[in-house]
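Good morning, colleagues. Please have the sequence and the coordinates open while I speak.

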Amino acid sequence: MTETTTTRSDPPDTSGTPLLQASQVTMRFGGLVAVDSVDFDVHPGEIMGLIGPNGAGKTTFFNCLTGLYRPTSGQVMFNGAILPPKPRKVVQAGVARTFQNIRLFANMTALENVMVGRYCRTSSGPLTSILRGPKFRREERQTRERAEELLDFVGLSKVSDNLARNLPYGDQRRLEIARALATDPKLLLLDEPTAGMNPQETRQAERLIFKIRDQGLAVITIEHDMRFIFNLCDRVLCLVQGRPLVLGTPEQVQSDPRVIEAYIGTGAEAEEDTAEQDKEGPDA
């Protein structure tokens, strides 16, 4: 059994062709430009972070990558081919994701939730499924076995028969990741995987993402926990108002004054706000 890395390893080789490459991706909603000319790439085995203030366009950009939105302009290449803007075809191509708000089948067991994710890799037709022929039974057995393996991988094997709605919050997050892994992705997108977690659950999520990386997958994660993101990622992209602000190593990004300004403002702005309050009086 291969030992799992629990910290950032040496940076992956980024000299070759990227696994995913987004070129000038733009998404407009009427007069609002939510994503503005974003260039972005990720290589095999790389963990990429996507950060930015609320409303920066991070989830919208994820939706463009995964086919939920058709970009107004620009294109997304995956594994050397243009990624079709259709979620099912994106999943079949090898891209899976989780969501900011957990989307599990609440009244299905943990095992059943993961099995659902696996069905995109089965080929039994409607007639075979209705008649429960030999091919259906073989694929159903393989699907169950793979789902059990993934539940063990994410540390949920003991709750496989529990309804998803009865699981603790952190376990629901891990279950959603297991379901995404059931699609056999080459790239996993995680939208705020530690949102609402306590410090212990956050550390567990970090170790799980390193385990996923050690399986050879690339990972892109949106997160507001800066300590988590800078410890986890090989490179980080900061978006502000839908535009790329800084792309670099965690050390480069966290020390960039533009990133600090985007999150907490400048000292000059703070002084101006204070001066305005002084003019308006203490009750303003």
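Predicted model: local features only at pLDDT ≥ 70, side-chain atom pairs only at ≥ 80, totals over all residues.

Residues are numbered from 1 along each chain as its sequence is written, and side-chain values use heavy atoms, with hydrogens and water left out.

I begin with the largest pocket, whose volume is about 550 Å³. A pocket here is an open set of points on a 1 Å grid over the protein atoms alone, with protein on both sides within 12 Å along at least five of seven lines; a cavity is a set of points where a 1.4 Å probe fits but cannot get out; and lining residues have an atom within 4 Å of a point. The volume is the space filled by probe spheres set on the points, which are joined across faces, edges and corners. Twenty residues line this pocket, and P87, V91, R97, F99 and T183 lie nearest its centre. Helix α2 (87–93) is among the elements that each supply at least two lining residues, and its four residues are the largest share. Helices are DSSP runs of H or I of at least four residues, and strands are runs of E of at least two, numbered from the N terminus.

The search also finds one cavity of 30 Å³ or more. The largest cavity holds about 40 Å³ and is lined by T98, R173, E176, I177 and P193.

How many salt bridges are there? The count is 10, a salt bridge being a side-chain nitrogen of Lys or Arg within 4 Å of a carboxyl oxygen of Asp or Glu. One joins D191 and R97 at 3.6 Å, N to O. D191 lies in strand β7 and R97 in strand β6, so this pair ties together parts 94 residues apart in sequence. Both residues are buried, meaning under 20% relative accessible area, where exposed is over 50% and partly exposed is in between (1.4 Å probe, protein chains only). E176, from the cavity lining, forms a salt bridge with R179 at 3.9 Å, N to O. These two residues both lie in helix α6, three residues apart.

Finally, helix α1 (residues 58–65) has seven of its eight residues buried. Just after α1, G67 takes a positive phi of about 85°.
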